[in-house]
Amino acid sequence: MKKQYKDTIVVGFALFAMFFGAGNLIFPPYLGLVSGSHWLTGFSGFVIADVGLALLAILAAAKCQGDISVVLGRSGKTISSILAAAIMICLGPLLAIPRTGATTFEMGVAPIFSGFSTILFSVIFFGLTLVLTIKPSKVVDIIGQYLTPALLIALIFLIIMGVVSPLGDLSQPAKIDAIFAEGISQGYQTMDPLGAIALSAVVIISLGQKGYKKESEKVKLTLQAGVVAGVALLIVYGGLAYLGATVAGQFKGVNPADINQTALIVNITEQLLGQPGKVVLAVIVALACLTTSIGLVSATAQYFSKISNGKVKYETIVIGVCIFSAVVANFGVSTIISFSAPILSIIYPATIVLVLMTLFSSKIKNDNAFKFATYVALLVSVITVVDSMGIKMAFIHKLPFDSLGFNWIVPVIIAGVVGSLIPSKKASSIDSLNKDIINK
């Protein structure tokens with residue numbers, strides 16, 4: 001029991017650190033600022049879209065032995081393959097991993113070492129990621145035992161300083177209208193629920209190497225570790241959102257779109273701690289982004305190595321991902337965020353639907369329910385994104401819960417019910433999908 005307790009804490013800390021990366025550091029303060037005195041409302045939306053969905057995703061992934069193909073499998077072979085690849089590419093070299101390097105440079109390096117080469121830094125950052133990721137059995141221990149405690153200490157120190165000596169009051173009006181929906185949107189941007197599905201595989205493999213052979217043991221410890229990570233995220237997010245709300249008065253009349261999210265947290269830290277604050281922030285950012293980069297590179301390499309049936313080695317993919325990410329990181333955080341927003345808005349709802357349906361898969365006997373719900377989630381999401389790009393489709397905003405960012409919920413429920421009434425040729429189950437994956 002003592003070993004289980006220690007392993008749960010170490011793995012939970014590792015999950016927290018792998019989740020807490022670039023977006024987790026910059027989005028909560030910005031959300032607090034634009035929400036003003038209503039920061040708790042925005043924070044509630046953020047927690048639901050981030051911590052809440054991440055914990056559900058961990059539960060679903062653990063139920064499927066950490067295999068993303070099983071989580072998405074009942075939606076159909078073609079759509080599940082496309083969705084799984086899209087998720088892993090977004091979590092991998094296209095968006096999330098490069099963002100860790102870009103954020104570390106903009107928030108940790110540039111404020112201290114003016115004129116430092118972005119290209120040289122990218123080589124250093126992803127070179128270090130490569131060294132610490134090349135052996136998958138060591139990933140969780142490196143993060144959980146050594147890097148996370150340092151990250152938590154630095155974060156808590158910053159938050160305590162902001163609580164003891166607040167930079168302003170919490171009476172400022174909100175700068176936006178749909179506060180809760182903005183919280184949901186910012187929570188999406190962290191990509192934690194997507195990451196949870198992939199990172200669960202890293203955790204489950206690590207637990208197996210620690211001597212836990214029974215699937216029930218690995219699932220139980222993965223869930224317990226998820227709770228540890230969730231509590232830590234909740235505390236840190238709340239503190240960062242509060243810090244953002246305290247400086248809302250300093251941005252009167254400023255358009256939210258003109259607020260640089262990375263510069264905001266740099267500014268807050270410097271106000272609280274002076275010039276030494278830049279060093280503290282650099283440590284926080286470097287640890288947060290490096291741990292996330294390590295976890296995501298490992299998860300991405302494990303996934304693509306697995307679907308190639310081992311033809312492409314884990315180590316080869318790690319090297320390729322690190323090189324590609326180093327190149328994309330040079331585009332900068334703002335460019336990566338603006339590029340990622342529409343992509344995430346499309347794949348998130350369908351992924352959430354499949355995660356939730358996986359949790360109740362034993363009660364859903366008809367695969368058409370999964371397929372219809374997934375396709376409708378994708379359709380509503382695509383129309384919503386197209387509308388946001390200027391091609392107006394007003395009808396999409398008449399759907400229930402549109403103001404909360406959940407206009408896909410009712411259509412998905414209807415599609416799922418309709419699908420369940422149409423007989424499918426073959427009914428699947430989590431167990432059968434797990435067996436298919438193992439046999440392959």
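Analyst: Happy to! This is a predicted model, where local features need pLDDT of at least 70, side-chain atom pairs count only at pLDDT 80 or more, and totals for chains, interfaces and linings use all residues. Residues are numbered from 1 along each chain as its sequence is written, and side-chain values use heavy atoms, with hydrogens and water left out.

User: How many salt bridges are there by this rule?

Analyst: Side chains of opposite charge can pair when their charged atoms come close. A salt bridge here is a side-chain nitrogen of Lys or Arg within 4 Å of a carboxyl oxygen of Asp or Glu. The count is two. In one, Asp367 and Arg74 meet at 2.8 Å, N to O. These partners sit 293 residues apart in the chain, Asp367 in helix α16 and Arg74 in the loop between α4 and α5 (helices are DSSP runs of H or I, at least four residues, numbered from the N terminus). Lys278 pairs with Glu270, with closest N and O atoms 3.9 Å apart.

User: Is Arg74 buried or exposed?

Analyst: Buried means under 20% relative accessible area, exposed over 50%, and partly exposed in between (1.4 Å probe, protein chains only). Arg74 is buried at 2%, and Asp367 is buried at 5%. Lys278 is buried at 19%, whereas Glu270 is partly exposed at 30%.

Notes:
Helices (H or I, at least four residues) and strands (E, at least two) are DSSP runs, numbered from the N terminus.
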